[in-house]
Amino acid sequence: MKPLVINFQKCSIHDGPGIRSTVFFKGCPLECIWCHNPESQSYKKEVLYNQERCGACGRCIEVCPHDAIIKKDGCVGLNKDKCELCETCLDYCINNAREIVGQEYTVKELLKNIEKDRMFYEESGGGVTLSGGEVMVQDMDFICELAKGCKNKGIDVAIDTCGYAPTQNYEKIINYANRFLFDIKLVDEEKHKKFTGKSNDLILKNLHFLSEKGAYINIRIPLIGGVNVDENNEEVLKMIELLKPLNIKAVNLLPYHDIGKHKYTKLDKVYEGEEFTKPSDEKMNEIKSLFENNNFQNVKIGG
């Protein structure tokens with residue numbers, strides 16, 4: 001089965017250098033509580049339902065061939081066990097209250113879309129970023145063919161990864177990738193399990209592997225009050241000690257935001273990050289100085 005794509009974003013300026021096209025693949029092994037793209041976690045297609053757009057006319061209930069759409073508390077609800085994602089309801093919703101997330105592409109189709117903006121890549125020093133979800137847990141024959149196709153056309157390839165994927169997958173892609181945008185969230189393993197659902201052992205193993213192979217590594221750190229930011233910078237200092245001996249070319253410090261919170265309601269999920277906070281500008285600059293004082297180059301706040 002081909003990997004599913006949830007978004008093909010043109011003119012991106014936050015997923016690597018220059019102007020880029022970012023391909024977001026569906027499916028991720030981590031379950032970060034603060035995830036701002038919850039629709040990227042599942043490997044399967046999903047229905048997003050925007051209740052604010054729904055006029056509760058009931059037409060979708062009438063036409064659904066699987067009796068998956070129901071009235072619930074005066075609103076229209078979905079029985080996910082019955083839904084076959086046939087998209088019939090989409091054709092009859094005049095308010096476009098539903099959408100299916102996840103679309104199949106061939107490598108040829110993606111390359112064609114990527115190459116349309118080649119002029120922008122060349123003028124800005126940009127390229128294509130393969131992201132997610134998690135790109136490195138997809139069908140690696142597909143991903144390598146895509147990355148190789150870009151490289152053969154002279155297009156810069158960035159791999160945006162959480163690091164939680166088989167090391168052999170990084171071995172397969174390393175010759176076709178110009179850079180890795182590598183997320184580090186927590187060094188403390190128990191905290192990592194608590195907030196992402198997984199140990200960070202494999203992540204740190206892959207980080208060391210890429211460093212030893214001389215890959216261009218751009219570390220990206222989501223900074224979240226209540227997770228990895230506190231008064232004493234405990235977790236940040238652990239990250240600095242972890243990263244100091246490695247081959248790190250750039251560091252991006254990403255302040256927490258909750259702009260994707262509304263998506264949880266659309267997926268009939270509960271957002272559990274209500275108590276998380278965005279670090280102040282003063283704290284972000286303090287953390288930036290900590291990295292710079294430890295001889296890290298090219299440290300930036302933001303994407």
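**Cores.** I began with the largest nonpolar core, where, of 57 residues, Phe 25, Leu 130, Ile 219 and Phe 291 touch the most other members. For a nonpolar core I took a set of buried Ala, Val, Leu, Ile, Met, Phe, Trp, Tyr and Cys residues joined through side-chain atoms within 4.5 Å, with buried meaning under 20% relative accessible area, exposed over 50%, and partly exposed in between (1.4 Å probe, protein chains only). Helix H5 (residues 140-152) brings the largest share of this core, seven residues. I also noted a second, separate core of 14 residues, which includes Cys 28, Cys 35, Tyr 264 and Tyr 271.

**Conventions.** The model is predicted, and local features need pLDDT of at least 70, side-chain atom pairs count only at pLDDT 80 or more, while totals for chains, interfaces and linings use all residues. Residues are numbered from 1 along each chain as its sequence is written, and side-chain values use heavy atoms, with hydrogens and water left out. Helices (H or I, at least four residues) and strands (E, at least two) are DSSP runs, numbered from the N terminus.

**Largest pocket.** I then looked up open space, and the largest pocket has a volume of about 1300 Å³. Of the 50 residues that line this pocket, Phe 24, His 36, Asn 37, Gly 132 and Asp 160 are the closest to its centre. Strand S1 (4-12) gives the most to the lining, with six residues, and among the other elements that each supply at least two are strand S9 (156-161), strand S11 (217-223) and helix H10 (262-266). The search ran on a 1 Å grid over the protein atoms alone, where a pocket is an open set with protein on both sides within 12 Å along at least five of seven lines, a cavity is a set of points where a 1.4 Å probe fits but cannot get out, and lining residues have an atom within 4 Å of a point. Grid points are joined across faces, edges and corners, and a volume is the space filled by probe spheres set on the points.

**Cavities.** I found three cavities of 30 Å³ or more, and about 130 Å³ of space lies in the largest cavity. Of the 16 residues that line the largest cavity, the closest to its centre are Cys 54, Cys 57, Cys 60, Cys 93 and Ala 97. Helix H1 (59-63) and helix H2 (88-92) are the elements that give two or more residues to this lining.

**Helix H3.** Which residues of helix H3 (residues 107-115) are buried? I listed Val 107, Leu 110, Leu 111, Asn 113 and Ile 114; they cover an arc of only 165° around the axis, and therefore lie on the same side of H3. The arc is that of the directions from the helix axis to the C-beta atoms. Lys 108 and Lys 112, on the other side of H3, are exposed. The cover over the buried residues of H3 includes S1, strand S2 (20-25), helix H4 (118-124), strand S8 (127-131) and H5, contact being heavy atoms within 4.5 Å.

**Helix H7.** In helix H7 (residues 189-196) I noted His 192, Phe 195 and Thr 196 as buried; their arc around the axis is only 80°, which puts them on the same side of H7. Glu 190 and Lys 194 are exposed on the other side, whereas the buried residues pack against helix H8 (201-212). At the start of H7, a side-chain oxygen of Asp 188 reaches to within 3.1 Å of the backbone nitrogen of Glu 190, and H7 is followed by Gly 197, whose phi is positive, near 85°.

**Single residues.** Arg 20 lies in strand S2 and counts as buried, at 0% relative accessibility; the backbone oxygen of Pro 17 lies 2.8 Å from a polar atom of the side chain of Arg 20. I checked the peptide bond from Gly 132 to Gly 133, which is cis, with omega near 15°, and Gly 133 lies in the loop between S8 and H5. Asp 67 has a positive phi of about 50° although it is not a glycine, and Asp 67 counts as exposed, at 52% relative accessibility.

Key:
A polar contact is a pair of N or O atoms within 3.5 Å; within protein, one must be able to donate a hydrogen and the other to accept it, and residues adjacent in sequence count only if both atoms are side-chain atoms.
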